[in-house]
Amino acid sequence: MGLRFTVLASGSTGNATIIEGNDKTVMIDAGLSAKKLDELMKQQGISGQSIDALLVTHEHSDHIKGLGAFARKHNLPIYANEATWGALERHVGTISPEKRNVFESGESLKFGSMDVHTYNISHDAAEPVGYTFEQDGQRLGVATDLGYVSEKVKQQIIDCDVLVLESNHDTEMLRIGRYPWNIKRRILSDVGHLSNVAAGEALIELMTDRTKRVYLAHLSQDHNQMDLAMLTVNSIFESNGIFYKREEFPLRPTFADRPTPWDGLGLQ
């Protein structure tokens, strides 16, 4: 079967992604209410009982809003690094010690036949991480909430079959938008979020002949649009001599309010 995944929701209003392997299923983040997560999972034909582990990227509310309630409801183990545990515990309620799992950033985890590699990312949180999943020779990278794509991050997410990458904002929309300047400065900083241009420039280096699809994720509701993000990234592709026929176009959308279709990494 190999790996398949669905992005349940992506954006400033909440984030959650399901990755299903041959024998284990994990969720990255639980940034919506437990009720909403159950609703989105039902749309995808799965339930909380099918989840074997909850992996946390960092402690911001759009990534942990439903974490405690969802984990307790479905009796799920939670995995995060020590610094993230320290930052999130007061927000998620009581987590029983046997469900509290701590890893070191950079460590690899194993869930059945699925290998999960953790790596540090640049964001204004305690110790944020991204994840790469491997099974049966397939690779899925998930990297959002990045101030920038460092060389170390590139090493972790280059040459994936499918990549979920942040394309948070259009820089000009952000600059003229309604946010106060201190928040704009934070978003634009090296511990903020990737712009459409930054995502496109990173993809030039990250995509290989192996890469089948790229999902643009964590778009700002106020300072971006999916059509604009795709147009910007595609224009960067073309300016670097990379052209796709429409039916071969590798970019895919994610949504704030609904899941992406299940994607099997072995599919063209």
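## Overall build

The protein contains nine helices and 14 strands, and the model described here is a predicted one. Its radius of gyration is 17 Å, which agrees with the value near 18 Å that a compact globule of 268 residues would have. Along its principal axes, the C-alpha trace spans about 50 × 45 × 35 Å.

Buried residues account for 57% of the 268 residues, while the accessible surface comes to about 11700 Å², with 48% of that area belonging to carbon and sulfur atoms. When contacts between residues at least 6 apart in sequence are considered, 64% of them join residues at least 24 apart.

Leaving aside residues up to four places away in sequence, Ile78 touches Leu54, Val56, Leu67, Ala71, Trp85, Ile95, Lys99, Arg100 and Asn101.

## Helix α9

Helix α9, formed by residues 226–239, reaches 20 Å from its first C-alpha to its last, close to the 20 Å expected for its 14 residues at 1.5 Å a residue. Its buried residues, among them Met226, Met230, Val233 and Phe237, pack against α8 (196–206), β12 (213–217) and β13 (251–253). Just after α9 comes Gly241, which takes a positive phi of about 80 degrees.

Methods:
Residues numbered from 1 in each chain as written. Predicted model: local features only at pLDDT ≥ 70, side-chain atom pairs only at ≥ 80, totals over all residues. Heavy atoms only, no water. Contact = heavy atoms within 4.5 Å. Helix = DSSP H or I, 4+ residues; strand = E, 2+ residues; numbered from the N terminus. Expected span 1.5 Å × (residues − 1). Buried < 20%, exposed > 50% of the residue type's maximum accessible area, 1.4 Å probe, protein only. Rg over C-alpha atoms; globule rule 2.2 N^0.38 Å. Areas by Shrake-Rupley, 256 points an atom, 1.4 Å probe, with all protein chains shown as cover.
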